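Subject: Structure handover

Hello,

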Amino acid sequence: MPRLPEARALIEMDRYFVLHAPRQTGKTTTLRTLASELTAEGDFAALMFSCERAKAAGDDYAVAESLLLKSLREAAERSGWPKKLLPPASWPEAPSGSRFGSALSAWCRRCPRQVVLFLDEVDALQGNSLVSILSQLRDGHNARPEGHPFPASVVLCGLRDLRDYKVASGGVSTSSNATSPFNIITQSLRLGDFAADQIAELYDQHTQATGQEFTKDAVDRVFELTQGQPWLVNALAFEVILKRGTAETITAGQVEEAKEQLIRARATHLDALTARLHEPRVMRVIEPILAGTVPDTDDSIDDDVSYVHDLGLISDTTRLEIANPIYREVLLRVLGARAERLVMADPHSFVLPDGRFDLPRLLREFVVFWREHGEVLIRQEGYHEAACQIILMAFLHRLVNGGGYLDREYAAGTKRLDVLVRWPYSGCDGERLMQREAMELKVWRAGENDPEPDGLAQLDRYLDRLTLTTGVLVIFDRRPEAPPWQKRGAFEQATTPTGRQVTVLRV
């Protein structure tokens, strides 16, 4: 409940509003808890019911009304309320297009308390059905000052913000349409992700129940990987506990292992997100992020950005970045799956006798792979602007992730992708060490200047953050006038603005 303090205040002010957030962030749990608390206090009859059944109705608003009223009645009967609070035994007769509003009025007329409705999964309503239900809510809302019985407060709960409901229903801006079904919505609330201290509080509940503790480093690593996305926060802990039981303290290393397993298993939540990657609206936002380019600036891009934000794929609508490191990795793995299947090299052959990872050899092997498969893969890749980054990441993932880790950083407008290879190995005295190798990826596109100077400066800053002394700058030359294959793929030494000696690879 502390994640949504505004909701109760709006309900007590008799407001109609939207609550939206990505899937599996706690919307339904939060509303169910709020409904239970409001009803227990004695002033409200607060009921949450799902609109999901009505998806089957499509544009048939008469069928949608019937399905919604059936769901509402069943939810009320399951609530355990006294009979006086329940809806009437039968709904009043009314023409299609007004049945839902008439039924709510009949219920409010006989209920001794103020009725509060939470319409969960409201995204299921489509087209004419969505417009019809919202229009009836608007009509009932506007008639309340004249003594018309109707719910005191209505909350529309789903994935999307108010802007996207207008798009979905073919609606127009409320500023130009005074009778819009959306003009009764006073506010749109977004249920946020967990803060770091909320993750600690959640895990402490587990500790209190079982005695199993999470180290501070483990909790910090969970927050770094998830940025507080509630499903991921729970899934990482569940994965560790499933493997380890509740007998031992959970460490950051075990969280890292759980992250890998979670991604490999491609759980339902992650699959549901990645299934949307080829939707045109999603591609228009995600592709510039992967490629580091500037997104389109036409009138529809704001709606697309808002939509992708509501899906939970990006962290905010201003600086376009993937929402968390797990999503960053999943997206590149999914998009690079075709390229990864073509990598035939044995990952174990890249491990040196002292246990370290042979990054120079990996890059030489990539040059051969790129010459053999690069052009074909680029033509097949739907994300053409980001194809170079996707293909190299697939190659790295195939050969590094058997014993090491890849960390990736990218955002729209940066014109680069930062990569950190982390490879654990044992020192001479058996001490556990971590090899770290930093890479910067740039693409030289038609009509642009050579990106090497900017790339060296950006690599310099990246190495500063990592406290490393050297790194690799990879430049993909995609200009029509680029040198032929046989003149590319050589390794050169270059000096960064601060004097670091780094390797430059042009492919």
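How many helices and strands does the chain have? The chain has 18 helices and 11 strands, where helices (H or I, at least four residues) and strands (E, at least two) are DSSP runs numbered from the N terminus. This is a predicted model, in which local features need pLDDT of at least 70 and side-chain atom pairs count only at pLDDT 80 or more, while totals for chains, interfaces and linings use all residues. Residues are numbered from 1 along each chain as its sequence is written, and side-chain values use heavy atoms, with hydrogens and water left out.

Overall figures

Taken along the principal axes, the C-alpha atoms fill a box of roughly 80 × 55 × 40 Å. Of the 507 residues in the chain, 53% are buried (buried means under 20% relative accessible area, exposed over 50%, partly exposed in between, with a 1.4 Å probe and protein chains only). Among contacts between residues at least 6 apart in sequence, 68% join residues at least 24 apart; contact means heavy atoms within 4.5 Å.

Cores

A nonpolar core here is a set of buried Ala, Val, Leu, Ile, Met, Phe, Trp, Tyr and Cys residues joined through side-chain atoms within 4.5 Å. The largest one has 89 residues, and the members that touch the most others are Ile286, Leu362, Met439 and Phe476. Helix H17 (residues 387-400) supplies the largest share of this core, with 11 residues. Not counting residues up to four places away in sequence, Ile286 touches Val308, Leu313, Ile314, Ile322, Leu331 and Tyr383. A second, separate core has 36 residues, including Leu68, Leu117, Leu134 and Leu156.

One of the residues touched by Ile286 is Val308, which is among the buried residues of H13. Helix H13 (residues 301-311) is largely enclosed by the rest of the structure, because nine of its 11 residues are buried. Those nine are Ile301, Asp304, Val305, Ser306, Tyr307, Val308, His309, Asp310 and Leu311. Just after H13, Gly312 takes a positive phi of about 90°.

Val343 lies in the loop between helix H15 (337-340) and helix H16 (359-380), and is buried at a relative accessible area of 3%. Leaving aside neighbours within four places in sequence, Val343 is in contact with Phe369, Phe395, Arg398 and Leu399. Val343 and Leu47 are 296 residues apart in sequence and 55 Å apart in space, C-alpha to C-alpha.

Asp477 is in strand S9 (residues 472-477) and is buried, with a relative accessible area of 7%. With neighbours within four places in sequence again left aside, Asp477 is in contact with Trp444, Ala482, Pro483, Arg488 and Val507.

Helix packing

For the angles below, axes are lines fitted to C-alpha atoms, for helices over the stretch in contact, and angles run from 0 to 180 degrees between N-to-C directions. Angles under 35 degrees count as roughly parallel, over 145 as roughly antiparallel, 65 to 115 as roughly perpendicular and the rest as oblique.

Helix H3 (residues 61-78) packs against H4 at an angle of about 30°, with the axes 9 Å apart. H3 and H4 are therefore roughly parallel to each other. Their contact is made by Ala62, Glu65, Ser66, Leu68, Leu69 and Leu72 of H3 and by Arg99, Phe100, Ala103, Leu104 and Trp107 of H4.

Helix H4 (residues 99-110) also packs against helix H5 (residues 127-143), at an angle of about 40° and with the axes 8 Å apart. That makes H4 oblique to H5. On the H4 side the contact uses Arg99, Phe100, Gly101 and Leu104, and on the H5 side Ile133, Gln136 and Leu137.

Cysteines

With a disulfide taken as a pair of cysteine sulfur atoms within 2.5 Å, the count comes to zero. Cys108 is buried at a relative accessible area of 11%, and Cys111 is buried at 8%.

Positive phi

Most residues other than glycine have a negative phi. Asp14 has a positive phi near 60°; Asp14 is in the loop between helix H1 (5-12) and strand S1 (16-20) and is partly exposed at 28% relative accessibility. Glu121 has a positive phi near 55°; Glu121 lies in the loop between strand S3 (114-120) and H5 and is partly exposed at 22%.

Regards
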